[in-house]
Amino acid sequence: MYTITITNQFPANEIEELIKMFVPKGEYELNVEEALANAQSFSVVFDGERISRPVSDYDPPERLFEEKKELKNAVKRGIYTALSTHTGKTLPWGTLTGVKPGKIVRDLKDRGWKEAEIRTHMKEYYYLSPEKTELLMEILHNQYPFAKPEGEKSAGIYLGIPFCPTRCVYCSFTSNIPRKDDVERYLAALYREIEYVGSEMQRTGWKADSFYIGGGTPTTLEEDQLEDLLTAIFREFDLSGCREFTVEAGRPDTITLEKMQVIKSFGIDRISINPQSMKQRTLDLIGRSHTPEEILTAFETARKAGIGTINMDLIAGLPEESPEDLMDTLEQVTALGPENITIHTLALKRASRLKMEDEEYHLKHGDVLTDMVAKSQAYMKQAGYEPYYLYRQKYMAGNYENVGYCLPGKECLYNIRTMDEQQTMIALGAGGISKRYFSAETRIERSANVSNFEIYIDRIDEMLNRKYQLLFA
Ligand code: SF4
């Protein structure tokens, strides 16, 4: 039994997240005390024997944080070193528990650090593996030219349609199986938000430079609903400076030639079709109601309508899948020639059915994930795709990452900027979280719409008022 003790000046949640990656629940105890003996900031004990060890004596070129945060990072390094030495495990992301590690390296580059200094820092300060350090550096190189927005009042817009044909077992999003009446009532409330935000943005000088319709599955909407929605968006927003417009088509069983033609008729050239896997057994297990053949047909349909940029989302670590299954999916998907492929690692939040069925699922699949992640990253490289954005989530199988790949020149601006958080993001619809970026203070303020679509409809006036306070007051 491990007994880890820290003082109450450190965030116990964050430190426990790190501990859990080494030791399963029930095999450790985390104590938080006001002060420790001998002025120590932490201690790690295994069956009564102290196993804390000295950490690396690396000295960064520049001090980055105030004292308390520096000390917290040192405590995480200390706990990492003790647990890693004692269990024999290493973590690819070292002591990092945050979801956007790319922001760290981008900040160091903004500060003028040399690439070699950034590499050393990631390895010595956060204990990142050489592979993850190289992946971050490659992504930094690919996304740096796109990260900075065109001005303080440039924004990315997100609009959410919280409906899907069925619910996937790993889903923790605001997704509902629609009844016609629900969709109509939701769209009526959404139109009010579209009109309000569109006109306020024009009144106060905000400009949209990317627009992303996500969900849920936006193509769950019928053709006429989709057409009305896009008509309202193009009428209410000034999209003259918009560089990119994406519609997430998501589920292949919602894609028809007519819907694709509607999308294309507005000049929209970027969609996402998300197979997750090309194996029928997996699709059945995860609650999808379509076949692998329907994925191929949906792709052809989108191309037939003239859609030029297609992303495909896949997930590594799905139930019963082996590395060979993932490679087979990758071969089938790359054979289609999509411009973007995003490989997620299965993440199971509390709200997902799979997590409810197996609390420890994400902790049990570390070894198979190690193989899958290594093989898929090598495969994508030889297939000509470059990694261009990355994020991590809590409860990820094997503690890995999600990586967006693209063919050269096909980066998705919205994805890069959402993760980099140097631009204001305005989110419409149930569950949307708007984030206003204040560049002078490098600070973000958030305002969330409620995620339940019924409550969103009932409280739409309050949602508009929240937007006013955050963005337009
Ligand atoms: S398609 Fe996405 S949003 Fe819809 S149920 Fe599946 S995981 Fe949830």
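Two strands pair if DSSP finds at least two bridges between them. Helices (H or I, at least four residues) and strands (E, at least two) are DSSP runs, numbered from the N terminus. The structure is a predicted model, in which local features need pLDDT of at least 70 and side-chain atom pairs count only at pLDDT 80 or more, while totals for chains, interfaces and linings use all residues. Residue numbers start from 1 along each chain as its sequence is written.

- An open sheet of 4 strands has the order E2-E1-E3-E4, with mixed pairing.
- Its edge strands, E2 (28–33) and E4 (49–50), each pair on one side only.
- Strands E1 (residues 2–7) and E3 (residues 42–46) run antiparallel and are joined by 5 bridges; Ile-4 stands opposite Val-44 in E3.
- Helix H1 (residues 12–22) packs on the sheet and touches E1 and E2, its direction making about 160 degrees with that of E2. Contact requires C-beta atoms, placed from the backbone, within 7 Å; axes are lines fitted to C-alpha atoms, for helices over the stretch in contact, and angles run from 0 to 180 degrees between N-to-C directions.
- Helix H2 (residues 67–87) lies across E1 and E3 and runs at about 15 degrees to E3.

- Leaving aside residues up to four places away in sequence, Ala-302 touches Ile-255, Met-260, Ile-271, Ile-273, Ile-307 and Ile-310.

- All 8 of the 8 residues of helix H15 (residues 413–420) are buried, that is, 20 or more other C-beta atoms lie within 10 Å of their own, with C-beta atoms placed from the backbone.
- Glu-421, which follows H15, has a positive phi near 55 degrees.
- Strand E13 (residues 424–428) is covered on both faces: Thr-424, Ile-426 and Leu-428 are buried on one side, and Met-425 and Ala-427 on the other.
- Strand E5 (residues 154–161) runs parallel to E13 and is joined to it by 5 bridges; Tyr-158 has Ala-427 as its bridge partner in E13.

Methods
Contact = placed C-beta atoms within 7 Å. Buried ≥ 20, exposed ≤ 12 C-beta atoms within 10 Å, placed from the backbone.
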